[in-house]
Amino acid sequence: MPGPALVVGLGNPGPDYAETRHNVGFRVVDLLATRAGGGRFSRHRSNADVLEGRLAGRRVVLAKPRTYMNVSGGPVANLAKYFSVPVEDVVVVHDELDLAFGVVRLKRGGGEGGHNGLRSVSSSLGTRDYLRVRFGIGRPPGRQDPADYVLKRFSGAENKELGFAVDLAADATEALLENGLEAAQNRFHALSG
C-alpha cells in the first residue's frame, strides 16, 4: 500500500493576505480538506498547519506553511521527511502569473518562473522534480510590478469565477493523486483554457 501523498498549498499567513492572488494555493487546499472529511488543520512542529485524511482513495497530508511564501520550502521539506513522503509524491499548489486567470495546469518539475515560493521549495527539497498544480492568476496590468500584483485581491469579475476555478484545481489535484500525472493532464488541460 503506498504511503501518503503530501499536498501543500502555498500562500502567506495571516488575515492581511487571505484574499490575495498569492494565497490561492491555500484556498485549494482548504477545499481539499473539506473533501477529505472536513477536519480542522492543526499546527505541526514543521511550522505548517496540517490535516491528515483520504482523497481519491489515498492517504494524504494536506498542509499550509505558516511561514511567508519566500521561505515556505523549509516546512515542505520537513513535512516530507516527517511523513516519509518521497519527492515524487509531493504536490505543490500555487499561483501562476504565466497562465490566464482560472486556467489550471499540472506538471512535474521545470523552472520556478520567478516564483519565490517555488524557488524555496526546490532549494529545500534539493530538486525541482515535484508535482505542481498551477493556478493561473494572469499577468499584472500595464506596468504594475508582479510582486505588488500577487499581493492584491482578485477583481470583482475574477471573484465571480473564483469558486469554479478553485473547484477545478481541487478536482485536478484529486485526479493527479488517483490517476497519475499524464491522465490528469489529458483530462484537465482540455477543460481549462
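I take axes as lines fitted to C-alpha atoms, for helices over the stretch in contact, with angles running from 0 to 180 degrees between N-to-C directions. I also take helices (H or I, at least four residues) and strands (E, at least two) as DSSP runs, numbered from the N terminus.

**Ground rules.** I am working from a predicted model, in which local features need pLDDT of at least 70 and side-chain atom pairs count only at pLDDT 80 or more, while totals for chains, interfaces and linings use all residues. Residues are numbered from 1 along each chain as its sequence is written, and side-chain values use heavy atoms, with hydrogens and water left out.

**Confidence.** I looked up pLDDT, the predictor's confidence in each residue, from 0 to 100. The protein has an average of 94, and 98% of the residues score at least 70. Confidence is highest in strand 1, at 98, and lowest in helix 6 (residues 181–191), where the mean is 90. I keep in mind that where pLDDT is low, the predicted coordinates should not be read in detail.

**Helix 5 against helix 6.** I found that these two helices pack with their axes 7 Å apart and at an angle of about 155°. That makes helix 5 roughly antiparallel to helix 6, on a scale where angles under 35 degrees count as roughly parallel, over 145 as roughly antiparallel, 65 to 115 as roughly perpendicular and the rest as oblique. The crossing of helix 5 and helix 6 is right-handed; a crossing is called right-handed if the near helix is turned clockwise from the far one by less than a right angle, and left-handed if anticlockwise. From helix 5 the contact (heavy atoms within 4.5 Å) takes in Leu 168, Asp 171, Ala 172, Ala 175, Leu 176 and Asn 179, and from helix 6 Leu 181, Ala 183, Ala 184, Arg 187, Phe 188 and Leu 191. I sorted the residues of this contact into nine nonpolar, one polar and two charged, where Ala, Val, Leu, Ile, Met, Phe, Trp, Tyr, Cys and Pro count as nonpolar, Asp, Glu, Lys and Arg as charged, and the others, Gly among them, as polar.

**Helix 1 against helix 5.** I next looked at helix 1 (residues 24–35) and helix 5 (residues 156–179), whose axes come within 9 Å and cross at roughly 65°. The two helices are therefore roughly perpendicular to each other, and their crossing is right-handed. On the helix 1 side I listed Val 24, Arg 27, Val 28, Leu 31, Leu 32 and Arg 35, which meet residues of helix 5 including Leu 162, Val 166, Asp 167 and Glu 174. By class, this contact of helix 1 with helix 5 has eight nonpolar, one polar and five charged residues.

In helix 2 (residues 73–82) I noted Gly 73, Pro 75, Val 76, Ala 77, Leu 79 and Ala 80 as the buried residues, where buried means under 20% relative accessible area, exposed over 50% and partly exposed in between (1.4 Å probe, protein chains only). The elements that cover these buried residues include strand 1 (5–9), strand 3 (48–55), strand 5 (90–96) and helix 3 (116–125). With helix 3, helix 2 packs at an angle of about 40°, the axes being 7 Å apart. That makes helix 2 oblique to helix 3, and the crossing is right-handed. Gly 73, Gly 74, Val 76, Ala 77 and Ala 80 of helix 2 make this contact with Ser 120, Val 121, Ser 124 and Leu 125 of helix 3; by class, these residues are five nonpolar, four polar and no charged.

**Positive phi outside glycine.** I looked up Ser 84, which lies in the loop between helix 2 and strand 5 and has a phi near 55°, a positive value in a residue other than glycine. Ser 84 counts as exposed, at 60% relative accessibility. Ala 56, in the loop between strand 3 and strand 4, also has a positive phi of about 55° although it is not a glycine. At 22% relative accessibility, Ala 56 counts as partly exposed.

I found Arg 58 in strand 4, where it counts as buried at 15% relative accessibility. Leaving aside neighbours within four places in sequence, Arg 58 is in contact with Gly 3, Pro 4, Ala 5, Gly 53, Asp 89 and Leu 177. Arg 40, in the loop between helix 1 and strand 2, counts as exposed at 75% relative accessibility. Not counting residues up to four places away in sequence, Arg 40 touches Val 50 and Leu 51.
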